[in-house]
Amino acid sequence: EQAEKFQVCPFEFALDLSVWADGIICDYNYVFDPNAHLKRFFADGGNNHYLFLVDEAHNLVERGREMYSASLYKEDVLEVKKIVKGKDKKLTRSLESMNKALLELKRECENYQILDSVSVLALKAMNLLTEMERYLEEQREQGRQDETEEEILQLFFALRSFLNIHDLLDKNYVIYSEMQSDGKFMVKLFCVNPAENLQNCLEQGNSTIFFSATLLPIQYYKSLLSVDQDDYAVYAESTFPAENRRVLLTDGVSTKYTSRGEEMYSRIAQYIGKTLDSREGNYMAFFPSYRLMEAVYEKFLELGKKSEVLLQSQYMDEEEREEFLKKFEKEQDGTLVAFCVMGGIFSEGIDLKEDRLIGVIIIGTGLPQVGEERELLSRYFNEKSGRGFEYAYLYPGMNKVLQAAGRVIRTEKDRGVIALLDERFNYSQYRKLFPREWHNCSKTSLNTIVQQVEDFWTDKA
């Protein structure tokens, strides 16, 4: 309001005020991102007087990889070349040189290829960045800015980021090129282990506390969030009564690709239906993908249950999200069930207390889809520790499961059921990642789930 009143930039105004503040609440990137961190605080190495409190720290691993990686697309170079052709010969020549270097890499790449070095590309990027800076400055001086400047600036920032990250390349990086499914050709500097880069930022403060309800297994997070061997961890016991939660491991369900089909979708739908039959109230069912969610949703509708059903869509805006959650906030008779995606906007950070949510049904183990980058992570950590599958798939997947499960118990008074639908939850590899509070989980089947859930609510009545 004050920025609007005095017609100043609200962001710059907030930055000016921040130097007077004892505490600053901000996104990770203002501390850790080399392109966005607050220079007022971290230029020249900072003053080491800061205490960093990092909330939802389980998210910092993937965010760290993202912040310390950089990519270049051949198509972006060509697009800018079309814009400036005939306007500036020197810049056009520099763009042609960069395009040629990318073209050579493209010819060598069938699907994706690991590269030993991109120093030639970095040199050309440096020359191109200089020419672009000159061109943009001249355009401004001559008052020739137009709508195409945005595209030129996007490439300018991509080149700058690429060069900044190129300076950081070490044993924690994999460089690769890839022909993407949309036909674009990319070269990426991929930070597989962000720990050292994060540590460099942490050293600008005097201490850091990472906290989250789902930092399991702790050694995984310790190895990826910091390189300091003296770091220690505290497992804070839950203050929520264990008897307020019932964790059920179901029988006869698998979300493995080889097991998927109409029969399995029907079985999952029946499990959801029977859980809802046990007690009226609000429920959420979390799925590993939109495709599986939609397939089970169709089967659930065929059951003809007398319940209101919500379906998360892939491109919900802020208003649609709020409307979705409002359904859980209002008093209502009967049963409401929302079909949602694990790792999405409704599986983290929402707070539905008391009877606003009485049950969560989690379908699948949340393992990320197999892809080039996941396989690169798997190979890297296999070579490093022999735990490639765990670091690339198992631990990130189970974190999504734990986050989704965490929606149902938010206070000491909350009560609810967590149903885990996948045979793999019975395997020791997965069970050992359960929080201590789940020690009393029990097995169930389609024939027994209604009675078991009813017994839970009767015991607590």
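This is a predicted model: local features need pLDDT of at least 70, side-chain atom pairs count only at pLDDT 80 or more; totals for chains, interfaces and linings use all residues.
Figure 1. H8 covers residues 119-141 and H9 covers residues 149-166. Two packed helices are described by the angle between their axes and the distance between the axes. Here the angle is about 140°, and the axes sit 9 Å apart. On the H8 side, the residues making the contact include Leu 121, Ala 125, Leu 128, Met 132 and Leu 136. H9 answers with a set that includes Ile 152, Leu 155, Phe 156, Leu 159 and Phe 162. Sort the contact residues of this pair by class and you get 16 nonpolar, two polar and four charged. Among the residues taking part are Glu 133 and Arg 140 of H8, along with Glu 149 and Arg 160 of H9.

**Figure 2. Helices H12 and H18 make a right-handed crossing.** Now we look at H12 (residues 262-278) and H18 (residues 449-459). Their axes are 8 Å apart, and the helices pack at an angle of about 35°. From H12, the contact uses Tyr 271, Lys 274, Thr 275 and Ser 278. From H18, the partners are Ile 449, Val 450, Val 453 and Glu 454.

Figure 3. Rolling a probe the size of a water molecule over the atoms shows where empty space is left. There are 26 residues lining this pocket, and the closest to its centre are Leu 367, Pro 368, Gln 369, Val 370 and Lys 400.

**Figure 4. Ser 378 sits in helix H15.** H15 runs over residues 372-385. Is Ser 378 buried or exposed? Ser 378 counts as buried, because its relative accessibility is 11%. Setting aside residues up to four places away in sequence, Ser 378 touches Gly 388, Phe 389, Ala 392 and Tyr 393.

**Figure 5. Asn 426 lies in a loop between a strand and a helix.** The strand is E12 (416-421) and the helix is H17 (428-431). Asn 426 has a relative accessibility of 26%, so it counts as partly exposed. Beyond its neighbours within four places in sequence, Asn 426 is in contact with Leu 249, Thr 250, Arg 431 and Lys 443. If you zoom out to find Cys 26, you'll have to go 400 residues along the sequence and 39 Å through space, C-alpha to C-alpha.

**Figure 6. Ser 238 is another loop residue to look at, between H11 and strand E7 (245-250).** Its relative accessibility is 29%, so Ser 238 counts as partly exposed. Who does Ser 238 touch, and which residues are they, once those up to four places away in sequence are left out? The answer is Arg 245 and Glu 437. Ser 307 is 69 residues away along the chain, and the C-alpha atoms of Ser 238 and Ser 307 are separated by 33 Å.

Figure 7. Most residues other than glycine have a negative phi, and most peptide bonds are trans. Start with the bond joining Leu 216 and Pro 217, which is cis, with omega at about -5°. Pro 217 belongs to the loop between strand E6 (205-210) and helix H11 (218-225). Next comes Gln 7, whose phi is positive, near 55°. Gln 7 is in the loop between helix H1 (2-6) and helix H2 (10-18), and at 67% relative accessibility it counts as exposed. Finally, Glu 56 has a positive phi of about 45°. Glu 56 is found in the loop between strand E1 (50-54) and H5, and its relative accessible area of 28% makes it partly exposed.

Definitions and conventions:
Residues are numbered from 1 along each chain as its sequence is written. Side-chain values use heavy atoms; hydrogens and water are left out. Helices (H or I, at least four residues) and strands (E, at least two) are DSSP runs, numbered from the N terminus. Buried means under 20% relative accessible area, exposed over 50%, partly exposed in between (1.4 Å probe, protein chains only). Contact means heavy atoms within 4.5 Å. Axes are lines fitted to C-alpha atoms, for helices over the stretch in contact, and angles run from 0 to 180 degrees between N-to-C directions. A crossing is left-handed if the near helix is turned anticlockwise from the far one by less than a right angle, and right-handed if clockwise. On a 1 Å grid over the protein atoms alone, a cavity is a set of points where a 1.4 Å probe fits but cannot get out, and a pocket is an open set with protein on both sides within 12 Å along at least five of seven lines; lining residues have an atom within 4 Å of a point. Ala, Val, Leu, Ile, Met, Phe, Trp, Tyr, Cys and Pro count as nonpolar, Asp, Glu, Lys and Arg as charged, and the others, Gly among them, as polar.
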